[in-house]
Amino acid sequence: MSEESLPRDAGAQDTRTGYDGAPEEPEAALPAYAERVLDVAELIPPGRVMTYGDVAEWLEEGGPRQVGRVMALYGGAVPWWRVVRADGVLLPGHQQRALGHYRAEGTPLKEASRAAEGHLPRIDMRRARWDGGERAEGHT
C-alpha cells in the first residue's frame with residue numbers, strides 16, 4: 001500500500017516517526033489525513049484503546065487500512081499502542097513494547113492460555129475499547 005492510498009487531502013503539518021521510532025523521510029510533509037489520525041490517537045485515554053476501524057469511523061473518513069498505514073508510517077510520535085486490531089492481538093513485531101505500555105497503563109488484558117502461541121495476552125476489547133466519548137469539542 002502506498003501513500004497514494006491515503007484519503008486525498010491538503011499538505012502537511014509536520015514530520016513524525018513510524019512504530020519503530022525511526023524518522024520517516026526527514027523532509028517529507030505529513031498529509032492532513034495523517035495528522036487527523038494522529039490527533040485521535042493522542043486523545044485516547046491511558047488504559048483504553050480504539051481499533052483502526054474505530055479511528056476511521058470517528059474521523060468519518062478512510063478505513064482501517066488507511067489508519068493502519070498512517071500509524072505504520074507516522075505513529076511513533078503518539079501513543080501508537082492505543083490503536084489496535086479489532087481482535088485484540090498485539091501488534092506483530094512490537095508485542096513486548098506494547099505489552100509494557102498496556103501493563104503500565106492498566107489496560108485490560110486477557111491472559112494467554114498455555115496453548116496460545118508465544119503465551120502473549122490479548123487486549124480485552126470489551127473492557128478496554130474507548131468509543132471516543134468525552135472527546136474534545138469541535139475536534140475533527
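What share of the 140 residues of the protein chain counts as buried? The figure is 43%, where buried means under 20% relative accessible area, exposed means over 50%, and partly exposed lies in between, with a 1.4 Å probe and protein chains only.

Before the details, a word on the source. This is a predicted model, in which local features need pLDDT of at least 70, side-chain atom pairs count only at pLDDT 80 or more, and totals for chains, interfaces and linings use all residues. Residues are numbered from 1 along each chain as its sequence is written, and side-chain values use heavy atoms, with hydrogens and water left out.

Confidence next. pLDDT is the predictor's confidence in each residue, from 0 to 100. The chain has a mean pLDDT of 82, and 71% of its residues reach 70 or more. Over residues 10–15 the value stays under 50; the model has 16 contacts beyond four places in sequence for that stretch, a contact being heavy atoms within 4.5 Å. Residues 136–140 also stay under 50, and for them the model has five such contacts beyond four places in sequence.

Now the overall layout. The protein chain has five helices and four strands, taken as DSSP runs numbered from the N terminus: H or I of at least four residues for helices, E of at least two for strands. From the N terminus on, the order is α-β-α-α-β-α-β-β-α. Among contacts between residues at least 6 apart in sequence, 62% join residues at least 24 apart. The chain exposes about 7,700 Å², of which carbon and sulfur atoms supply 46%; areas come from the Shrake-Rupley method with a 1.4 Å probe, and for residues only the protein chains shown count as cover.

On to helix packing. Helix H1, residues 32–43, packs with helix H3, residues 64–74, at an angle of about 85°, their axes 10 Å apart. Axes here are lines fitted to C-alpha atoms, for helices over the stretch in contact, and angles run from 0 to 180 degrees between N-to-C directions. H1 and H3 are therefore roughly perpendicular to each other, a label for angles of 65 to 115 degrees; under 35 is roughly parallel, over 145 roughly antiparallel, and the rest oblique. Tyr33, Ala34, Val37, Leu38 and Ala41 of H1 make the contact with Gln66, Val67, Val70, Met71 and Tyr74 of H3.

Helix H2, residues 52–59, also meets H3: the axes come within 8 Å and cross at roughly 105°. That makes H2 roughly perpendicular to H3. On the H2 side are Tyr52, Gly53, Val55 and Ala56; on the H3 side, Pro64, Val67, Gly68 and Met71.

After H4 comes Gly106, with a positive phi near 75°. Thr107 sits in the loop between H4 and E3 and counts as buried at 6% relative accessibility. Beyond four places in sequence, Thr107 contacts Gly47, Arg48, Val49, Tyr102, Ile123 and Ala128.

Last, Leu109, in strand E3. Leu109 is buried, at 18% relative accessible area. Its contacts beyond four places in sequence include Leu99 and Tyr102.
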